[in-house]
Amino acid sequence: MLREGAGKAKITVHMGTCGIAAGARDIMVAFLDEIEKKDAKDVIITTSGCAGLCSREPMATVELAGQAPVKYVDLTPEKARTIFTDHVLKGKIVMEYALALGSERTF
Amino acid sequence: MKTYRSYCMVCAGTACVSNRSFHIKEALEREIEKQGLQDEIAVVTTGCNGFCAVGPLVVVHPEGIFYQQLREEDIPYVVEEHFLKGRPVKRLMYSPPGEQTPIPKMNDIGFFKQQRLIALRNRGLIDPERIDEYIARDGYFGLAKALKMKPREIIQEIKDSGLRGRGGAGFLTGLKWELTRKAKSNGGKFVLCNADEGDPGAFMDRSIVEADPHSVIEGLIIGAYAIGANQGYIYIRNEYPLALKRLIIALEQARNYGLLGKDILGSGFDFDIKIVRGAGAFVCGEETALMASVEGRLGEPRPRPPFPTEHGIWSKPTNNNNVETWANVPSIIRRGAQWYSQIGTETSKGTKVFSLVGKINNTGLVEVPMGITLREIIYDIGGGIPHEKAFKAVQTGGPSGGCIPAELLDLPVDYESLSEAGSMMGSGGMVVLDEDTCMVDIARYFLSFTQDESCGKCTPCREGTKMMLHLLKKITEGKGTEEDLETLEQLAHEVKETSLCGLGKTAPNPVLTTLRYFRDEYEAHIKEKRCPAHVCRQLNTYRIDPDACTACGLCRKECPEDAISGGKKQPHLIDQQKCVKCGICFDVCKFEAVCID
């Protein structure tokens with residue numbers, strides 16, 4: 001759910017201790033670098049805590065306005081760049097790296 | 001604010017409206033009412049979703065299911081299938097163009113499917129360093145509601161919910177609150193959050209604080225108001241730097257919003273929270289030692305009673321709950337005791353967070369309804385054991401808990417069942433052990449941890465754990481006798497019964513449960529001088545299989561005792577007289593030619 005700004009897309013990098021230990025900072029840097037390089041002003045990038053599946057970190061969630069969020073797992077900076085170009089900018093989900101669509105069930 | 005099970009977000013942007021989305025909305029409302037679901041499903045209109053090409057569209061939360069190009073005649077089917085029967089209608093869902101199979105939903109993934117989030121409801125969804133994001137997900141609504149209630153009503157609500165302490169002992173939270181409220185004080189009361197998580201392999205509290213610090217803070221404020229405390233403490237270990245940082249930020253933001261400090265939300269109630277950093281002593285997770293540490297004294301326990309509810313920090317009535325307990329409070333107040341008490345079993349309500357580690361495919365943090373079986377957690381959520389090894393046991397409750405064997409895999413997870421099995425709920429560490437684990441060695445490992453962390457104040461724990469560890473070491477080295485086994489068992493019972501605090505009282509549990517379920521392994525070590533899992537190296541005999549040996553010479557080079565002989569193209573041989581059983585040859589051999597007898 002995009003709640004702020006006129007964002008077209010929101011990228012959440014999961015930065016709990018597990019994510020950071022697995023290299024989430026490099027993923028964050030890669031996304032920020034892509035945003036700068038492609039001059040993508042309408043992309044919101046944010047952090048969040050552990051998404052639960054620690055063995056598949058680093059993880060990130062990409063959410064295009066009006067669409068269900070997509071969770072990506074086992075990321076590397078290269079994969080992050082591909083996801084940025086294909087999914088965030090062109091709207092095409094990178095199936096290879098995606099785990100699932102949607103969000104978790106809460107009570 | 002009323003809460004619903006599901007929200008239908010009907011797009012009412014200009015494009016969708018011109019595609020008759022208002023008719024869709026009316027049809028939805030009509031059908032939902034027809035099925036009697038109007039109290040469970042809310043229909044909401046939203047602004048443009050931005051994907052006008054496939055309108056009219058409806059997004060269903062919380063699943064995040066995206067229905068597209070809906071027609072009025074689809075609606076009765078959608079309502080019946082999706083909302084009544086819980087089966088989202090695939091053919092009306094959006095699948096990105098050019099793709100054969102749509103990617104699975106979060107709820108199709110085994111790891112997420114059986115999880116139900118209350119304490120972790122915001123995990124991965126909000127930025128923990130921004131209070132606005134917490135508020136946007138109904139954060140602090142529970143507090144606002146609580147401040148309009150009478151303290152007595154809040155306590156009754158928590159009691160009715162059936163919430164029990166998530167630190168592991170399972171004391172009724174509402175009852176504890178009531179005791180602290182009723183306790184007489186000549187100068188204030190305190191609420192305390194125990195975030196001194198120290199079990200090896202446990203990271204539930206750490207993750208809650210890192211992902212959603214405000215849920216803990218909100219719980220503390222509600223508790224303080226109900227109990228009549230004006231000061232709170234969060235005792236968190238300094239080894240959790242990220243959790244600590246986010247907590248400090250969260251407290252600052254809550255103060256800036258008037259959620260902490262004087263006259264909270266205009267209610268006249270004053271309350272603030274201080275962080276106390278722990279230095280990582282395991283015993284400080286025990287509440288009386290923790291409170292001594294808060295006061296700046298040596299972290300040592302004292303006998304109870306008097307209980308902290310009457311005689312706590314600075315001798316004032318103090319209500320101590322664990323991180324996860326506090327994090328459950330806002331949802332209970334916001335949504336009511338009746339909602340909460342529907343989840344779980346007869347005696348254990350709600351959900352429990354577990355950190356799933358060890359020999360398991362999906363390592364991670366899970367929140368499941370009480371009453372789920374260990375099998376479901378380990379196989380459906382955890383994805384089973386790696387490399388197709390056999391499951392041997394699961395260790396719950398950390399060094400204070402016990403090992404539960406394969407034959408009890410269908411045990412429901414609740415406070416009583418786990419205690420009956422000789423283990424405990426504990427704070428939520430779950431270590432999965434496979435066939436390559438030696439149960440005697442595991443008992444030795446956990447005992448060496450508790451022995452090391454014993455504060456030394458009482459004799460049973462200080463001396464008893466040391467003697468037990470000595471006996472376990474003897475057994476793993478193949479020097480144990482049958483008499484040692486008897487002494488070990490007797491000592492375990494005595495340390496359990498006579499120790500001063502929970503550390504000593506529970507330290508023997510890993511020994512007692514492994515003796516109960518895996519006595520044959522102890523006997524193999526003692527009588528046959530054999531470790532069935534080949535873990536205790538002193539009991540292993542290393543041998544080189546001449547057929548598999550390629551005479552590469554690696555083991556010969558690496559052997560620190562020069563116990564291996566053999567030349568080029570000659571199978572190698574281990575001299576058992578010289579061998580010190582270090583196992584290096586076994587580890588370095590690339591051809592699996594070194595065998596263990």
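These are my notebook entries on a predicted model, taken one topic at a time.

**Entry 1, helix H2 of chain A**

I began with helix H2 of chain A, residues 24-37, and found that its 14 residues reach 20 Å from the first C-alpha to the last, close to the 20 Å expected at 1.5 Å a residue. I then listed its buried residues, which are A:Ala24, A:Ile27, A:Met28, A:Ala30, A:Phe31 and A:Glu34. Looking down the axis of H2(A), I see these buried residues fall within an arc of 160 degrees, so they line one face of the helix. The general rule behind such a pattern is that an α-helix has 3.6 residues a turn, so residues three or four places apart point the same way.

I next asked what covers the buried residues of H2(A). The cover includes strand E1 (9-14), helix H1 (17-22), strand E2 (43-48), strand E3 (60-64) and helix H3 (77-89), which belong to chain A. On the face turned away from the buried side of H2(A), I noted the exposed residues A:Glu36 and A:Lys37. After H2(A) comes A:Asp39, for which I read a positive phi, near 55 degrees.

**Entry 2, where the chains meet**

I turned to the contact between the chains, where 43 residues of chain B are in contact with 33 residues of chain A. On the side of chain B that touches chain A, at least two residues each come from strand E4 (65-67), helix H4 (110-113), helix H9 (204-211) and strand E10 (364-369) of chain B. The largest share of that side, four residues, is supplied by H9(B). Sorting the residues of this side of chain B by type, I have 22 nonpolar, ten polar and eleven charged.

I looked up the largest nonpolar core, which has 193 residues, and the ones with the most contacts inside it are B:Val58, B:Ile221, B:Tyr235 and B:Ile377. Helix H10 of chain B, residues 213-227, gives the most to this core, with nine residues. Which residues does B:Ile221 touch, not counting residues up to four places away in sequence? I found B:Leu143, B:Leu259, B:Leu260, B:Ile264 and B:Phe271. Another core, of eleven residues, lies apart from the largest one, and among its members I noted B:Tyr542, B:Ile544, B:Cys559 and B:Cys589.

I then looked at positive phi values in residues other than glycine, starting with B:Asp138, whose phi is about 65 degrees. B:Asp138 sits in the loop between helix H5 (131-136) and helix H6 (141-147) of chain B.

I count B:Ala551 as partly exposed because it has 17 C-beta neighbours inside 10 Å.

Technical notes: Residues numbered from 1 in each chain as written. Chains lettered and ligands numbered in written order. Predicted model: local features only at pLDDT ≥ 70, side-chain atom pairs only at ≥ 80, totals over all residues. Buried ≥ 20, exposed ≤ 12 C-beta atoms within 10 Å, placed from the backbone. Contact = placed C-beta atoms within 7 Å. Nonpolar A, V, L, I, M, F, W, Y, C, P; charged D, E, K, R; others polar. Expected span 1.5 Å × (residues − 1). Arc of directions from axis to C-beta. Core = buried A, V, L, I, M, F, W, Y, C linked by C-beta atoms within 7 Å.
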